[in-house]
Amino acid sequence: MAQWCQFAYAGAAFYGIRVGDQVQIAEGAPYASPRMTRRTLPIESVEFLPPAIPYTFFAVGFNYRSHILHAQSRGSAAAKIPLRPEVGYRANNALIGHDANIVIPPDCTGPVEAEGEVVAVFGRKLRHCSRAEALEGIFGWTIGNDVSAREWQRADRTFWRCKNSDTFKPMGPWIDTEFNPANAHTRVRVNGDQVCEFATGEMIFDAVDYIVEISRYITIHPGDVLWMGAESTAAIAPGDTVEIDISGIGTLRNTVVAEQSLRHLATS
């Protein structure tokens with residue numbers, strides 16, 4: 001098993017492998033024949049970055065039945081059981097790493113929610129792939145927090161703000177190369193209190209279903225990511241700390257702040 005991460009240290013970005021409380025530095029991306037160095041750093045001394053910056057950022061919506069039923073109860077006309085695997089897209093500008101701040105824009109006055117998602121990271125180029133090739137194309141798995149501004153989601157014709165505002169897609173802390181979603185549980189905690197839990201693998205369509213379908217039309221590249229959806233949501237607000245824990249990978253933690261407070265600190 002390897003847990004690959006990307007991190008900043010002394011003003012530079014590196015890839016490396018987590019080894020206990022240390023990070024061993026690599027030369028090159030994890031899916032590009034990297035060379036391991038002998039240099040290690042204490043894990044508390046590094047700043048985690050998103051473990052992958054995708055060429056294409058794929059995202060699944062409504063992939064858990066209870067999430068669909070919950071959305072239907074809130075009046076969502078789009079909340080229907082999918083008949084085939086279809087994906088949407090998110091923007092790289094929204095990506096942040098473990099322990100970075102989720103920043104809520106000043107005009108975002110409606111509810112904001114977090115969704116804990118398991119994320120497939122690809123390690124090879126795929127096009128018109130078989131199910132076996134799709135499975136082999138997954139380099140590993142990481143954790144995502146799909147932050148959504150619900151008022152904007154209802155008001156806008158697209159998801160450009162509600163899903164893609166800067167900092168709205170925390171991902172990390174690392175990519176686990178041996179993880180199996182079928183055996184995992186996802187837990188979401190807000191300020192230390194668990195607010196939801198679900199079996200990670202109880203999806204309507206699994207990752208292989210989506211990969212085969214995507215690759216019929218779109219080339220998948222090394223470093224691309226596929227966020228697999230969530231079963232439930234958790235309300236968050238400035239001042240909260242949200243943790244997404246997926247057994248077998250680890251915990252992604254981020255604090256929510258208001259953009260106004262950051263501006264005040266910058267000018268004081």
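**Helix faces, strand pairing and pockets in a predicted model**

Glycine 75 follows H1 and has a positive phi, near 90 degrees.

The loop between S6 and H1 contains phenylalanine 62. This residue has a positive phi of about 50 degrees although it is not a glycine. With a relative accessibility of 24%, phenylalanine 62 counts as partly exposed. A second case is histidine 128, a residue other than glycine whose phi is positive and near 50 degrees. Histidine 128 sits in the loop between strand S11 (116-122) and helix H2 (131-136), and it is exposed, with a relative accessible area of 55%. The backbone also has a cis peptide bond from glycine 172 to proline 173, with omega near 0 degrees. Proline 173 belongs to strand S14, residues 169-176.

An open sheet is formed by three strands in the order S13-S10-S18, with antiparallel pairing. Strands S13 (148-149) and S18 (234-236) stand at the edges and have a single partner strand each, so one side of each is left without a neighbour in the sheet. Strand S10, residues 112-114, is joined to S13 by two bridges, and valine 112 stands opposite alanine 149 of S13.

Strand S19 (residues 241-246) has antiparallel pairings with S15 and with S20. Five bridges join S19 to strand S15, residues 185-190, and arginine 187 has aspartate 245 in S19 as its bridge partner. Six bridges connect S19 to strand S20, residues 250-258; here valine 242 is partnered by asparagine 254 in S20. The hairpin of S19 and S20 has three residues between the strands, and in it glycine 248 takes a positive phi near 100 degrees. How enclosed is S19 by the rest of the structure? Five of its six residues are buried, so the strand is largely enclosed.

Aromatic contacts come next, and a pair of aromatic rings is described by the distance of the centres and the angle of the planes. The structure holds eight aromatic pairs. In one of them, the rings of phenylalanine 58 and tyrosine 89 have centres 5.7 Å apart and planes at 40 degrees, so the pair is tilted. This pair links distant parts of the chain, with phenylalanine 58 in strand S6 (residues 57-59) and tyrosine 89 in strand S7 (residues 88-89), 31 residues apart. Phenylalanine 58 is buried at a relative accessible area of 0%, whereas tyrosine 89 is partly exposed at 45% relative accessibility. In another pair, the rings of phenylalanine 205 and tyrosine 210 have centres 6.2 Å apart and planes at 90 degrees, so the arrangement is edge-to-face. Phenylalanine 205 is buried, with a relative accessible area of 16%, and tyrosine 210 is buried too, at 1%.

The largest pocket holds about 850 Å³ of space. It is lined by 33 residues, of which Phe62, Ser76, Ala78, Gln153 and Phe159 are the closest to its centre. H1, S7 and helix H3 (150-155) each supply at least two residues of this lining. The lining divides into 12 nonpolar, nine polar and 12 charged residues.

The second largest pocket holds about 270 Å³ of space. Of its 16 lining residues, Leu135, Ile138, Trp141, Asn180 and Pro181 are the closest to the centre. Strand S12 (138-145) and helix H4 (207-215) each supply at least two residues of the lining, and S12 gives the most, with four. By type, the lining of the second largest pocket consists of 10 nonpolar, four polar and two charged residues.

Notes. Residues are numbered from 1 along each chain as its sequence is written. This is a predicted model: local features need pLDDT of at least 70, side-chain atom pairs count only at pLDDT 80 or more; totals for chains, interfaces and linings use all residues. Side-chain values use heavy atoms; hydrogens and water are left out. Two strands pair if DSSP finds at least two bridges between them. Rings of Phe, Tyr and Trp (its six-membered ring) pair if their centres lie within 6.5 Å; planes under 30 degrees apart count as stacked, over 60 as edge-to-face and the rest as tilted. Buried means under 20% relative accessible area, exposed over 50%, partly exposed in between (1.4 Å probe, protein chains only). On a 1 Å grid over the protein atoms alone, a cavity is a set of points where a 1.4 Å probe fits but cannot get out, and a pocket is an open set with protein on both sides within 12 Å along at least five of seven lines; lining residues have an atom within 4 Å of a point. Grid points are joined across faces, edges and corners, and a volume is the space filled by probe spheres set on the points. Ala, Val, Leu, Ile, Met, Phe, Trp, Tyr, Cys and Pro count as nonpolar, Asp, Glu, Lys and Arg as charged, and the others, Gly among them, as polar.
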